[in-house]
Amino acid sequence: MTRQTHAACTSFLAGKLATIDGSTLIARNEDNFVAIWPKRAQIHAANEPRDLNFVSKGNHFATTLPKKAYHYTAMPDTDPSEGFYEESGINEKNVAMSATESAYTNSRVLGVDPLVTDGIAEDAMVTVVLPYVDSAQAGVQRLGDLVTTNGAAETNGVLFSDSDEVWYMEIVSGHHWVAQRIPDDAYAVVANQLAIEDINFDEPQNFMTSQGIRHFVQANRLNPDGNRFNSRHIFGTQTSDDAHYNTPRVWYGHKLFTPSAFENPTSQDLPFIRHAEQKISVAAVQEFLGSHYQETPYDPLGKGTEAEKHQFRAVGLSRTQNSHVLQIRRNVQLALAGVIWQCLGNPAFSPYLPFYAQGDQVGAAYSADNHDYNQKNPYWANKLLDVLSEAHYHQNRKLLADFLKQTQIAGYHRLQIGDQQTTTAAPGLGAFNATTAATFATLMQEQIGKLVQANADQSALTFTMDAGL
């Protein structure tokens, strides 16, 4: 039996008028059922040799790829035996894609349109979509056509953006899907549930769906509301797992960005679209992706009761393998617009590095084979950093907070320097990315050294020594 290793992610999306600098943002934690599952960075050149007859290693999904492909970045699994799982990237047209946010469809829908065993699944999505689209809407449409034609193997949410628009797409059955444009002045948080609410079929600029979805729902009597088309109600689930595993993460995101929204963490009716009370920064999104219900009784690292601390699943996890914020900026040259803020560990403790998506590399260490432990490899260095950071969390809180602030400052500073470059050709941007990677590697090793010393002083196997011994 194939082991399904990718699930349980948390996503964030924000339109250009909701952000502090006019960027569009899509972001996600790629979580795994296991704590160690190495990832690496990969740059695909536009002229890279490709087998146009694509067959997934995961479930044998097959399709014929277009002849022309764009340069794009990806974050695949180091071990491709279960599929590529390229997960996240930006292409040369400054289209960003993150796939997927795993979700669940209810039994009454799957009873009439079951998932397709060899349909498109998470492992193949970025690979067969991102190199071939020139806008966020085109990404939704290409993936939607594949779902309609080949079927879908999973219920998934997929994030798309370009410099102007942000779209969230949900595959809701074996052959049907819906998508909504995030309003320019709004944001959305998604956590392993079908989240899109009312679909307005008279606004094609804001909603896209599979052909015939209204007839499908009506013919099979799937709409519990009758007089509206609420996709969440029609296709989604409302279980106790949703209330304790999923909705609390949405609640906490709303608590951070819209503090006046007094919501219940187990509510099944949290809104999909929210408006922030302040402009949203990349740093604020990073902090949300690393959050664990700080300043509430539900913090697993906090001081609530044991029952409270383990009541809800946190956002930042030890099994987070790839956390990213994909930023498409509007106030710079096109070659500099796409920025990948990449974290290869738990963002509660590990830093995000900014890479220019149009560079021809992100640094040799990020692309290197990392099946086996190597402290100098970024993936493994982040895992070591996470373990050391959590070991004596309360005693080292200032040390941990100072490090995340220091690396956020360093990230913003690297972009300020990079935006002033005289050349924006791929080799120059790639060399700049490599320098960024080296800079952060030094900062991480320094933090690891500080934590080794701090944790050694706090060992339970210690004693006050007699100076005369």
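Which element gives the largest share of the lining of the largest pocket? Helix 12 does, with 7 residues. The model is predicted, and local features need pLDDT of at least 70, side-chain atom pairs count only at pLDDT 80 or more, and totals for chains, interfaces and linings use all residues. Residues are numbered from 1 along each chain as its sequence is written, and side-chain values use heavy atoms, with hydrogens and water left out.

**View 1. The largest pocket.** The largest pocket has a volume of about 560 Å³. A pocket is an open set of points on a 1 Å grid over the protein atoms alone, with protein on both sides within 12 Å along at least five of seven lines, and lining residues have an atom within 4 Å of a point. Grid points are joined across faces, edges and corners, and a volume is the space filled by probe spheres set on the points. Of its 26 lining residues, Glu 287, Gln 294, Pro 347, Ala 348 and Leu 404 lie nearest the centre. At least two lining residues come from each of helix 6, helix 7 (282-289) and helix 12; helices (H or I, at least four residues) and strands (E, at least two) are DSSP runs, numbered from the N terminus. The lining comprises 15 nonpolar, 8 polar and 3 charged residues. Here Ala, Val, Leu, Ile, Met, Phe, Trp, Tyr, Cys and Pro count as nonpolar, Asp, Glu, Lys and Arg as charged, and the others, Gly among them, as polar.

**View 2. Helix 12 against helix 13.** The axes of helix 12 (residues 397-418) and helix 13 (residues 426-457) come within 11 Å and cross at roughly 170°. Helix 12 is therefore roughly antiparallel to helix 13 (angles over 145 degrees). Axes are lines fitted to C-alpha atoms over the stretch in contact, with angles from 0 to 180 degrees between N-to-C directions. Contact (heavy atoms within 4.5 Å) involves residues including Phe 403 and Arg 414 of helix 12 and Phe 440 and Lys 450 of helix 13. By class, the contact residues are 11 nonpolar, 7 polar and 2 charged.

**View 3. The largest cavity.** A cavity is a set of grid points where a 1.4 Å probe fits but cannot get out. The largest cavity holds about 140 Å³ of space. Among its 15 lining residues, Gln 193, Ala 195, Arg 232, Val 250 and Leu 270 lie nearest the centre. Strand 12 (187-190) and helix 6 (240-257) each give two or more residues to this lining.

**View 4. The second largest cavity.** About 80 Å³ of space lies in this cavity. Its lining has 7 nonpolar, 5 polar and no charged residues.

Methods
Parallel < 35°, antiparallel > 145°, perpendicular 65-115°, else oblique.
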